[in-house]
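These are my notebook entries on a structure that I examined element by element. Each entry records what I looked up and what I found.

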Amino acid sequence: MSAVFSGRRQRLLAAAHEAGLAGLVLYTDAVHSFIELDPVWYATGLRAIGPSAMVIAEDVDPVLFVTPSWDLVRARQSVAPAGLESRGTDALFAAIAAAARDAGLAAATLGVVGAERLTTVSKAEFDSALGAGWSDFDQPAREVAIVKDTAEQELVRRASWIAEEGYRQALADVRPGMKEFEFAGRLDTYMHQLGADDNFLIVSASRHNRSVHAPSDRILADGDILLAEISPSYQGAFAQICRTAVIGEPSKELSDSYELLRAAFSSGLAKCRPGTSMGEIVAAVNEPIEAAGFAEFCRPPYMRTRGHGMGLGSPYPVSVATTTQVSLAAGMTFVLHPNQYLPTVGYLMCGDHLLITDDGPEVLSAQWAQLDSVVG
Amino acid sequence: MSINSLVPVLVHGRAVLDLEYLPVDEFEERLKAVRAIMADSSVQAAIIACSSGQYANVSYLTGYRATIRHSVLLVHGSRPSVMFAGLGGARGFDQIRAISWVEDVRYYGDQGAGARAVLTEWGVSGGPIGVAGFQSDVPLGVVSEIVAGLDGFELRPLDEELFTLRRRKNPRELALLARSAGIAARARQAAATEFIRSASPYKAAISAELSARVEGVGEFRVLANLAEDGALRPLGPAEGSLSRHLTMHIGLEASGYWAETTFGFPLRGDGPGGLAQQAVDAMAALARPGARLAQLADAAAKVLDDEERIRFATSLGLGQGLGLGVENELAVTGESTATLAGGEVLSLRTVAAEGTQWFPATETVLVTAHGGRPLTPR
């Protein structure tokens, strides 16, 4: 693993050099977002639980400074495979400033990845310690991480498996009388048992869903259509599946509608290969839905995106939307989800995580989304 | 060590506007109090920013907490409030309306332009307006964008006034805090039961989580001694090792209000465990109006009576205020200059160690004239 992380640091550093910078400060505030790069996670493998940072530059032995200092034991274990030293500190910015000073790096020669996380107060403290004149290097860093390396792809693959397996286990528990939040809680706990360290999870149900929303007190009943957006993280790498299950026997109209979404998924999937633009994928996903007479529901306010990237690495390809100016490249991973509101049966969810390879897309799920039904 | 750590990427448990515990009149009263602050500060409107990690001010007024990005609440002296939230999709608005008291939810790509548009709708074209959350609740980039749209306005910070309003808990809030503490106590019991069965801190943590989640918590965070070194860790890919003892920190939120507990099992009333409990008791006894938080920290240090023990305990934190999140303004430290007013809820904590084994003691107390009153029975 040492080579993975040193390779990432080298790529970041090469981009910094190209921008005329001598080194980088990698900073996390430890408030993780599943659609934002966490540079400390990316460069070290540590998912920090407090603000943490490091300086990287040519011929400088990198040291990761972690807060809270009591988390040093875990931090050391986490970053040892990355070949890094770590130290606990209660004065993070002072430690970073000292590391930069020791390396002979003036603030004006440094880029900061994670600069967008600084608040008014923390930015003032950061400047006071390091000095002003550094550059925000967040966007170039996202672009460095745009293609997921093999190690990150494997974590995403594992996360996708956890999503499927957790859903399978939780679905076996569903019964009328259970509350939405109880189903969500069981699903989440199962995924923890399978190794997930976080989850972007939304679960709700209705006989005619307008959308999916946070789980409520609603009691599940026969005929309910249960929606689940399941996005576990495995060691900081996220994958997402979108699933729909009906409690009881599905009507023919519901089954047919779900097949329409599966057709949309397949249509979009066929376009997913290196070089394809997001607009082309969106058009392909929409084509069968529009042909079935639901064109107006493929646009706002009913529809915003047909998928997105995620993970503590690069969020690219950001959003599968016509406004996204990104083309696919081998090594990208993202969820493709033709989730769709249909006036006939309501909102349905259908999506799986993809890895883009030179030969085209690989769907990471063993079982692609289908309309599930559970005994009522 | 506190619930500050391990912020998940999304609150994914029960997250609804809990009108049973917090009926509309509760929010109306809160809004009235904020409007009184605005009037005292001579501002016609206030702009309050929050993020998924720092959301108490906005949650206090709306029930809503930001999910994957920041949110902005605009409050007028008499008109209905407006909230900017979500990413602009219809699906997001449905979710936001389900968990917020505010009816007018909007999305603006540029928060500053949005703020100016709403102020213009309200006929507020210049002069002083109140702001909160601009210092440390949202990234500077968000603040800069909002401020750029407010050229010509004088911005008056209201952070301290809003915290003064929130720090004193009313009976409904105390009921919710006690309810959360009860869920935490049952999660703790579930963990102990599983630990007796399996000797696995990992399985104990999973059991604690399941217990809390099926009771309807919005968020659940746990640290446990998952490895032989005894240090607390979050749940991860490995099941960890079996152990002769369990150490666990649980933080959970139900209906917006937090509880936290740190405990060891089996319990030990003597030695380091007894000392940790005595230190917590000493802090709790002093938790009365007029007491300085530094005095509480000093009392704990006096009980621990050893430089290394004090250093270890303070490195893990001696506690802080608790409500719609952690209230770091009320952190119990030797350097704190804050004074208790009465009506606050404090989460007090001391951890002692012997070798690799940690001996934590915690108590959540209401600050009263008679000292800290435990929120739930021990």
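Helices (H or I, at least four residues) and strands (E, at least two) are DSSP runs, numbered from the N terminus. The model is a predicted one, in which local features need pLDDT of at least 70 and side-chain atom pairs count only at pLDDT 80 or more, while totals for chains, interfaces and linings use all residues. Residues are numbered from 1 along each chain as its sequence is written, chains are lettered from A and ligands numbered from 1 in the order in which they are written, and side-chain values use heavy atoms, with hydrogens and water left out.

Entry 1. Two helices of chain B.
I looked up how helix α1 (residues 24-40) and helix α6 (residues 159-167) of chain B are arranged. Their axes come within 11 Å and cross at roughly 145°. I noted the crossing of α1(B) and α6(B) as right-handed; the term applies if the near helix is turned clockwise from the far one by less than a right angle, and left-handed if anticlockwise. On the α1(B) side the contact (heavy atoms within 4.5 Å) is made by B:Arg30, B:Ala33, B:Val34 and B:Ile37, and on the α6(B) side by B:Glu161, B:Leu162 and B:Leu165. I sorted the residues of this contact into five nonpolar, no polar and two charged. In that sorting Ala, Val, Leu, Ile, Met, Phe, Trp, Tyr, Cys and Pro count as nonpolar, Asp, Glu, Lys and Arg as charged, and the others, Gly among them, as polar.

Entry 2
I next followed β9(B) into β10(B). The two strands pair in the antiparallel sense over nine bridges; pairing requires that DSSP finds at least two bridges between two strands. B:Leu246 stands opposite B:Phe265 in β10(B). The hairpin has two residues between the strands, and B:Ser255 takes a positive phi near 50°. Strand β10 (residues 257-265) has eight of its nine residues buried, where buried means under 20% relative accessible area, exposed over 50%, and partly exposed in between (1.4 Å probe, protein chains only).
Is B:Glu253 buried or exposed? B:Glu253 belongs to strand β9 (residues 246-254) and counts as buried because its relative accessible area is 5%. A polar atom of the B:Glu253 side chain lies 3.4 Å from the backbone nitrogen of B:Ser255.

Entry 3. The six-stranded sheet of chain A.
I traced an open sheet of six strands in the order β4-β3-β2-β1-β5-β6, with mixed pairing. Its edge strands are β4 (85-88) and β6 (135-136), each pairing on one side only.
I then took β2(A) in detail. Strand β1 (residues 23-28) and strand β2 (residues 52-57) of chain A pair in the antiparallel sense over six bridges. Within this pairing A:Leu26 has A:Met54 as its bridge partner, and A:Thr28 stands opposite A:Ser52. With β3(A), β2(A) pairs in the antiparallel sense over three bridges; there A:Ser52 has A:Val66 as its partner. Five residues lie between β2(A) and β3(A) in their hairpin, and A:Asp59 in the turn has a positive phi of about 60°.
Why is β2(A) largely enclosed by the rest of the structure? Six of its six residues are buried, so I recorded the strand as enclosed. A:Ser52, A:Met54 and A:Ile56 point one way, whereas A:Ala53, A:Val55 and A:Ala57 point the other.
Helix α4 (residues 92-102) lies across β1, β2, β3 and β5 (110-113) of chain A, at about 10° to β2(A). Helix α3 (residues 72-79) lies across β3 (63-66) and β4 of chain A and runs at about 170° to β4(A).

Entry 4. A loop residue of chain A.
I located A:Ala108 in the loop between α4 and β5. A:Ala108 is exposed, with a relative accessible area of 54%. Leaving aside neighbours within four places in sequence, A:Ala108 is in contact with A:Leu21, A:Ala132, A:Gly133 and A:Trp134.

Entry 5. The four-stranded sheet of chain A.
I found an open sheet in the order β13-β14-β17-β18, with antiparallel pairing. Its edge strands are β13 (307-308) and β18 (360-363). Strand β17 (residues 352-357) pairs with β18(A) over four bridges, and A:Leu354 stands opposite A:Val363. Helix α7 (residues 150-173) lies across β14 (333-336), β17 and β18 of chain A, running at about 155° to β17(A).

How values were computed
Polar contact = N/O pair within 3.5 Å; in protein donor to acceptor, adjacent residues only side chain to side chain. Axes fitted to C-alpha atoms, helices over the stretch in contact; angles between N-to-C directions.
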